[in-house]
Amino acid sequence: MEEELVNQCVRLWEEPLSHMARIREQGGRPVAYFCSYAPEEILHAAGLTPVRLLGSMRTITHADAHLQAYCCSVARTDLDMALAGELSFLEGAVFVQTCDTMMRLSDIWRRNTGFPFHGDLVLPVRMGEEISLPFMVREVGRFRRQVEEYLGSRLEDEALWESIRVYNRNRALAEEVYRLRSENPGLVDGLSAAAVLTAGFWMRKEEHNALLERFLEAAREGVPEGEPAAVQLLVTGSVCTTPDLYRLLRELGADVVDDDLCSGHRYFDCPVEDEGSPEEALAARLWRRVNCPSKHQSLEDRATRLVTQVKESGAEGVIFYLQSFCEPHLFDVPYLKRKLQEEAGVPSLVLETELQSFSRGQLRTRLQAFIETIAGV
Amino acid sequence: MNGNRERQEGDDRERRRIKSTAAMRDLMLKYYMEAKAAEGTEKKIAWITSGGPVEPLICFDVIPVYPENHGAMCGAAHMNVELCEVAEGMGFSRDLCSYARGDIGSAVTKGGPIGGLPRPDFLVCCNNICNTVLKWYEELSRFFGVPLYIYDTPFVRGPLPDHTRDFAVRQMEEYIAFLERMTGKEFDEHRFLDVAVKSFAAISLWAQILSCNTARPAPMTCFDAFILMAPIVTLRGTQEVVDFYEGLLREMRQRVEEGIGILPAERRRLLWDNIPIWYEMRNLGRLFMELETCLVADTYTNAWTFEGVDPERPLQSMAEAYTEVYLNINLERMSDRQVSLAEKFQVDGMVMHSNRSCKPYSLGQYDLAREFTRRTGLPVLIIEADHTDSRWYHRTEVEGRIRDFVENLL
Ligand code: SF4
Ligand code: SF4
């Protein structure tokens, strides 16, 4: 049962578009988002289904007329799919101000696609400091009104609280999956944990909660299948577009024991607390959750967190899985590498990828060499 | 005969030369010397981003130092690539902003034409030009072990929202309190007003200077403006800068009156978009002169002409002005500014520098180019380069494309 469920999720991860289209066919209203800072609860409460675009492995045909080649491939391939008409099932998209690329992509997307809804959430860079919280609250409120205007009706607070509960439940379940994995790597492996979490980007969260519950139940009853992988690693970076990295690692006798990815651990960090109005509560979560490198909390926050994660999970090495041209992530690499070596005593490997020229072979060679060093072969 | 013609040409060149450039060199030299001399003394030094609010620093007698201005200098001196390579050796990707890479390289090695910048006592980073400066200044803050103040200016889509304005104003107050802590001095409102008035005076002089280029022939090219803008970027808010720009404005007006153009002949006029290609200024200047084409205006130096600053409410209006700079607004508003520059300066087309390591300025240019042509009927040329990393530049190809473009104008 558990294995079948994981396989389904992996297939979904490889082919999310057809699934998103099915949501539409079944009467759902998919709205795309890109970034883990998107206020999904507001969309969800409005009866829309937030679906995530993570880029795709493809040759670019349309986006080159709008984005230079020195732009990250997540932005380029997502725009390419939209311009090629492959996302016609979408009702719209929501952009959040994180990096310079996303900031400009929002305008480019709005001007060149014809989706009925276009949402923007502007974020401060100073997170977790008292001075920026009032701005966040009002901006989340502005976003809520933008959605209300689009719907032509008010979003009731009660509906928002209900969506917040659904999302909090989802965060707690995801946390549980991750805990099970790091405590018992022989029971839940990296690919399974990542796949069951990732699948949730393309369904209503109620449905995903049920899926995670089924998975957890089955996993807890399972018996470890043989020994856990020889080398345990932590992956840090932006988004994981395909399950390939996890599969490759498995082939090479390694596994992912924890991650610090926008599409992984950073996505579900920190619940929405019951404080004030729904927009105050939502804003406060975005503002206090684990920092993305495009934001600022303190000079040390990312390194401290990463080092702690490495120590707690027992990872023996760290893989930086990054997009070429991604400034926020690439800037942090030298500092984080140094800290990992000095404070956690683990080596790290930087993998830069571009989805339009993704090379599994190259990835494999580099991973193999890295794993061999750690295993001391 | 020949000697005569040479003499005439020499006289003509002398007549066309902008005389105030010498005064600017002196001003900047003095500024850099003073800044370097202040290192290790009681005087405080702050590194600040080019779009950052500098007036409060001047008011607190802090010496502002601009890594971007220094980066331009390193680029023009063909020294930035080696500095970038130092940063790359430290693990910084070669796709990151070349100002940032060069600056990190220079901080580590003290390299560059002036032996590096004086060590900062603290840092001020304003993200109104890009998100890159946040990451860059975080690294500087770790490297030097000094405090970092982040003046956070959320992106503006459409009109400035109230909550963005409030956030900007509150931070102005907080910034002042930060400076009180850093300098141990109390905020002097009178002094601040004086600095603000001078800063606005310099900005408005600068706007008038740039406007002189509506004349035909244009008294300067935007390449001159790129160089002559150094004082407005670094020292606005001081009397010296006001004096300097008054002199420059007089010179420009006189040139217009006497019909002295910067080029021996001006047949075409173009608008420039993006940061200059610092290491190629000389070659490109020569090429455009040969093509009798004047780059009469640009979106970069015009970023320093913000309107609507109000001496009655200096903190507030300053906060607004810093939030709504050219790079912090949506494409439609950027397009409006491009079109209005084109109309005002009566150009025949636009050259866009697609700048490999500056994403906020470059992403969106393809759409802006189409929009520009749609709205003005004028052609656009997009050339590929990088502001200070010359390794990405293909001179023959770029110059060939510029020639073709200019020859096809009309
Ligand atoms: S954060 Fe990086 S990967 Fe994500 S959109 Fe921005 S540049 Fe691309
Ligand atoms: S990315 Fe662009 S705007 Fe930002 S510092 Fe570099 S050159 Fe300036």
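The questions below go from the whole chain to the interface and then to single residues.

Modeller: This is a predicted model, so local features need pLDDT of at least 70, side-chain atom pairs count only at pLDDT 80 or more, and totals for chains, interfaces and linings use all residues. Residues are numbered from 1 along each chain as its sequence is written, chains are lettered from A and ligands numbered from 1 in the order in which they are written, and side-chain values use heavy atoms, with hydrogens and water left out.

Biologist: What makes up chain B in helices and strands?

Modeller: Chain B has 18 helices and eight strands. Both are DSSP runs, numbered from the N terminus: helices are H or I with at least four residues, strands are E with at least two.

Biologist: What share of the contacts in chain B comes from residues 24 or more positions apart?

Modeller: Those residues account for 78% of the contacts with a separation of 6 or more. Contact means heavy atoms within 4.5 Å.

Biologist: How do you know how much area chain B and chain A bury between them?

Modeller: Buried area is the accessible area that two parts lose on being put together, summed over both, with a 1.4 Å probe. For chain B and chain A that is about 4,800 Å², and carbon and sulfur atoms give 55% of it. On the chain B side, B:Arg157, B:His163 and B:Leu363 supply 15% of the area buried against chain A, more than any other three residues. The contact takes 56 residues from chain B and 48 residues from chain A.

Biologist: What makes B:Glu332 and A:Arg111 a salt bridge?

Modeller: The rule asks for a side-chain nitrogen of Lys or Arg within 4 Å of a carboxyl oxygen of Asp or Glu. Here the closest N and O atoms are 3.0 Å apart. The pair passes. Between chain B and chain A the count is ten salt bridges. Over all chains it is 71.

Biologist: Which residues do shared partners join into one network with B:Glu332?

Modeller: The network also holds A:Asp107, A:Arg110, A:Arg111, A:Asp120, B:Arg157, B:Glu371 and B:Arg374.

Biologist: What makes B:Asp61 and B:Lys185 a pair?

Modeller: They form a salt bridge, with the closest N and O atoms 3.5 Å apart. B:Asp61 sits in the loop between α3 and β2, B:Lys185 in the loop between α8 and α9, 124 residues apart. B:Asp61 has a relative accessible area of 35%, so it is partly exposed. B:Lys185, at 38%, is partly exposed too.

Biologist: Why is B:Glu257 called exposed?

Modeller: Its relative accessible area is 71%, so it falls in the exposed class. B:Glu257 is in helix α12 (residues 239-258) of chain B.

Biologist: Is A:Ser192 buried or exposed, and what does it touch?

Modeller: A:Ser192 has 8% relative accessibility, so it counts as buried. It is in helix α8 (residues 190-198) of chain A. Leaving out residues up to four places away in sequence, A:Ser192 touches A:Val6, A:Phe215 and A:Arg250.

Conventions. Buried means under 20% relative accessible area, exposed over 50%, partly exposed in between (1.4 Å probe, protein chains only).
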